[in-house]
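Subject: Structure for you, with notes

Hello,

Here is the structure you were waiting for. My notes follow below it.

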Amino acid sequence: MQQQWFTGPLASFDTETTGVDVETDRIVSAALVVQLAPGAVPQAATWLADPGVPIPDGARAVHGITDERVRAEGRPARTVVAEIARALAEQARAGTPVVVMNAPYDLTLLDRELRRHRGITLADCLGPAELVILDPRVLDKHVDRYRKGRRTLTDLCAHYGVELAGAHDAAADATAAMGLVRALAARYPGALGALGPADLHLRQRVWHAAQARGLQNWFDRSGTPERVDLSWPLRPLRCACGRRLSPEHSCEAAA
């Protein structure tokens, strides 16, 4: 009998950061967890970075990582982000699906850190290999669209009965997100389990865009000025005017 993809090898990536702005905030810690099968002992690679800027009180209250700790134990962000990118590239070359909860956040922030510290992009680091991403947030919204309530990692773990020990630790969050994807595919074998990870990756682009448009419509009706990015799993660079940067785009804000 052929093995179902969600009972086979998966990797999972997560970061803890200085804030929630992918364009300006920095990585403080990160983890890449690999598990060969459900119940197997996860193998975790972890990083602690000195972001080169003070960690705001709000971020420190979430993940508990202090300026003193990153200065004493962390390594330069330039070194850390390159190592993270190489580790993700290894998973891409191996064909291992990578779970990333709210992928446009973590992957975009990593891409911007690589541009900031190394002058390269995440795509540059991956080379010809492509990451196959599984985002439990997008998957859950697709299969259970009308369920009320929040859909944070903690909420989803509680809903699907997945253990989350030590929330807001990168390795713990990555491990829990991986468990969520396994649980989601097992609960919805037709909608998710029967599709291969590469097919799911492509479909999540469409699903996320539809979900984002729905949220944008809600913001517009409620008078909220916030704009929702439809891109998944990586947000494009944008000009200060809000439009995507491209060779054809020019405006005073880009000058």
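Not counting residues up to four places away in sequence, Arg147 touches Asp140, Leu156, His159 and Tyr160, where contact means heavy atoms within 4.5 Å. Arg147 sits in the loop between H6 and helix H7 (153–160); helices (H or I, at least four residues) and strands (E, at least two) are DSSP runs numbered from the N terminus. Arg147 counts as buried because its relative accessibility is 18%; buried means under 20% relative accessible area, exposed over 50%, and partly exposed in between, with a 1.4 Å probe and protein chains only. From Arg147 to Ala44 the separation is 103 residues in sequence and 33 Å in space, C-alpha to C-alpha.

Before the rest, two remarks on the source. This is a predicted model, in which local features need pLDDT of at least 70 and side-chain atom pairs count only at pLDDT 80 or more, while totals for chains, interfaces and linings use all residues. Residues are numbered from 1 along each chain as its sequence is written, and side-chain values use heavy atoms, with hydrogens and water left out.

The annotated domain

UniProt lists residues 9–190 for "domain: Exonuclease", in an unreviewed entry. UniProt positions are given in the numbering used here, feature names are shortened, and annotations may be inferred rather than shown by experiment. Over residues 9–190 the chain is 49% helix and 17% strand, and the end C-alpha atoms of that stretch are 20 Å apart. Gly190 is found in helix H9 (residues 189–193). With 57% relative accessibility, Gly190 counts as exposed. Gly190 and Ala85 are 105 residues apart in sequence, and their C-alpha atoms are 33 Å apart in space.

Helix pairs

Two packed helices are described by the angle between their axes and the distance between the axes. Axes are lines fitted to C-alpha atoms, for helices over the stretch in contact, and angles run from 0 to 180 degrees between N-to-C directions.

Helix H6 (residues 136–143) packs with helix H10 (residues 197–222) at an angle of about 70°, their axes being 9 Å apart. That angle makes H6 roughly perpendicular to H10; angles under 35 degrees count as roughly parallel, over 145 as roughly antiparallel, 65 to 115 as roughly perpendicular and the rest as oblique. H6 passes H10 in a left-handed crossing, meaning that the near helix is turned anticlockwise from the far one by less than a right angle (clockwise would be right-handed). On the H6 side the contact involves Val138, Leu139, Lys141 and His142, and on the H10 side Leu200, Gln204, Trp207, His208 and Gln211. By class, the contact of H6 with H10 has 4 nonpolar, 4 polar and 1 charged residues. Ala, Val, Leu, Ile, Met, Phe, Trp, Tyr, Cys and Pro count as nonpolar, Asp, Glu, Lys and Arg as charged, and the others, Gly among them, as polar.

H7 packs with helix H8 (residues 170–187) at about 45°, and the axes are 10 Å apart. H7 and H8 are therefore oblique to each other, and their crossing is left-handed. Leu153, Leu156, Cys157, His159 and Tyr160 in H7 meet residues of H8 that include Asp173, Ala176, Leu180 and Arg187. The contact of H7 with H8 divides into 9 nonpolar, 1 polar and 2 charged residues.

Loops and backbone

His168 is found in the loop between H7 and H8. Its phi is near 70°, a positive value in a residue other than glycine, and His168 is partly exposed, with a relative accessible area of 38%. Asn102, in the loop between S5 and helix H4 (103–118), also has a positive phi, near 55°. Asn102 counts as partly exposed at 23% relative accessibility.

Thr96 lies in the loop between helix H3 (77–94) and strand S5 (98–99) and counts as buried at 13% relative accessibility. Neighbours within four places in sequence aside, Thr96 is in contact with Pro9, Leu10, Ala11 and Gln91.

Ala129, in the loop between helix H5 (122–126) and strand S6 (133–134), counts as buried at 15% relative accessibility. With the neighbours within four places in sequence left aside, Ala129 is in contact with Ala92 and Arg93.

A cis peptide bond joins Trp232 and Pro233, with omega about 5°. Pro233 is in the segment after H10.

Regards
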